[in-house]
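Colleague: I would like to learn how to read domains and sheets in a model. Please take one feature at a time.

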Amino acid sequence: MTDVALAHGRLAGLDEIVDVGRDAGRGGWSRHVWDAAETELRTWFVERAERLGLDVETDRNGNLWAWWGAPGPDAVVVGSHLDSVPGGGEMDGPLGVVSALDAVALLQAQGVRPTRPFAVVVFAEEEGSRFGIACLGSRLLTGSVSPDRVRALRDADGVTFAEAAAAHGTDPRHVGADPDRLARIGVFVELHVEQGRALADLDGPLAVASGILAHGRWRIDFTGQGNHAGATRMTDRRDPMVAAARGILAVRDAVRGDDRATIGRIEAVPGGTNVIPSRVTTWLDARSDLDDDTRDLVARITASATEAAAAEGCDARVTEESWSGRVVFDPALRDRLAAGLGGVPALPTGAGHDAGVLAGHVPTAMLFVRNPSGVSHAPEEHAELADCVEGVVALTTVLRGLL
Ligand code: GLV
Ligand code: MN
Ligand code: MN
Ligand code: MN
């Protein structure tokens with residue numbers, strides 16, 4: 001298939017944005033909602049969509065919608081996100097957005113005109129890397145998070161969501177459930193780079209998603225006594241860093257079967273080399289197949305953290321920051337897509353997606369594109385050009401069947 005726009009042996013869209021948000025310090029890319037990089041990606045998206053004749057609007061929650069024809073009911077919506085984790089890969093999110101725009105271009109080249117309303121969407125803050133709650137744009141749209149809570153969320157610099165939104169033209173007073181917009185979506189399809197190595201093992205380029213593990217984020221605060229690193233005898237300490245270290249080992253030991261539990265972020269307060277911290281906060285990401293398994297995993301971790309803190313004369317407090325129940329994608333849509341693509345496999349995933357949020361409200365499907373090493377949320381995340389092109393063609397086929 002030669003009709004997909006290429007540049008330097010890559011999808012042209014990915015090539016246009018490859019330098020946006022490159023993170024020299026961490027490696028990879030850092031693109032967080034409404035920072036300079038993500039704002040530049042929004043501008044890129046608007047220009048590229050307008051070149052295809054799409055009309056772009058920003059909804060009340062900062063999500064971008066590019067309509068091919070008039071907005072209306074029972075719309076086919078396809079898209080993903082442009083933000084990344086800190087020091088992430090270039091494909092998680094952007095591959096889905098670029099592929100959606102390329103699919104529109106291909107459909108136009110094939111002379112297809114949609115018979116249903118059609119939009120490409122870019123969801124805001126999918127990774128939750130700036131304000132802490134993943135899939136924030138789609139959660140707000142669907143009303144599954146309280147707008148008051150979201151307005152007050154703070155980033156690492158103390159900027160609130162409300163302030164950041166207002167600075168970028170999104171009126172914070174109006175963020176929240178958007179039932180009319182949600183009711184317009186007839187079907188949602190998200191293409192995404194695979195985030196494991198199942199397709200590499202199966203030796204195939206594409207899959208449809210069957211479901212998403214239950215998962216969530218918890219903040220674990222270990223508190224002790226801040227003190228002088230030189231003047232405080234080891235026996236006199238209540239050091240929350242040591243409590244956190246014990247707690248982190250206990251997180252690994254709490255998993256059973258195919259559970260996943262990760263501490264990916266840690267913060268010491270006040271954070272001086274010669275200061276015993278008064279507080280150490282760790283952030284837990286826990287996932288398992290079923291909701292109850294995940295809740296049980298977090299209960300075991302909570303008990304271990306409490307025990308670890310007590311052993312060091314400290315306290316531990318566990319606070320839930322976000323929760324995503326297990327997702328099963330619409331089986332009829334999934335099977336129809338898989339059959340239309342010549343019988344590609346259906347795979348579960350441990351990664352969260354806006355598609356998972358929408359699946360609770362509208363028929364939703366996902367397409368995965370093979371990632372040879374399976375590495376994701378890291379600079380090495382990759383998909384070969386031939387597989388990316390197959391992804392665009394597959395998305396075009398899917399859309400032809402839906403429009
Ligand atoms: C987002 O990609 C997540 O799964 O955490
Ligand atoms: Mn991600
Ligand atoms: Mn993603
Ligand atoms: Mn994700």
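Colleague: Which domains does the domain assignment give for the protein chain?

Modeller: Domain bounds come from an automatic or database domain assignment. Here that assignment gives domain 1 (6-213 + 326-402) and domain 2 (214-324). Their centres, taken over C-alpha atoms, are 32 Å apart. This is a predicted model, in which local features need pLDDT of at least 70, side-chain atom pairs count only at pLDDT 80 or more, and totals for chains, interfaces and linings use all residues. Residues are numbered from 1 along each chain as its sequence is written, while chains are lettered from A and ligands numbered from 1 in the order in which they are written.

Colleague: How many residues does the contact take from each domain?

Modeller: Two residues are in contact if their C-beta atoms, placed from the backbone, lie within 7 Å. The contact takes eight residues from domain 1 and eleven residues from domain 2.

Colleague: In what order do the four strands of the open sheet stand?

Modeller: Strands are DSSP runs (E, at least two residues), and helices are runs of H or I with at least four, numbered from the N terminus. Two strands pair if DSSP finds at least two bridges between them. The order is β11-β13-β9-β14, with antiparallel pairing. β11 (260-269) and β14 (315-324) each have a single partner strand, so one side of each has no neighbour in the sheet.

Colleague: How many bridges join β9 to β13?

Modeller: Ten bridges join β9 (residues 214-223) to β13 (residues 279-288). G216, for one, has A286 in β13 as its bridge partner.
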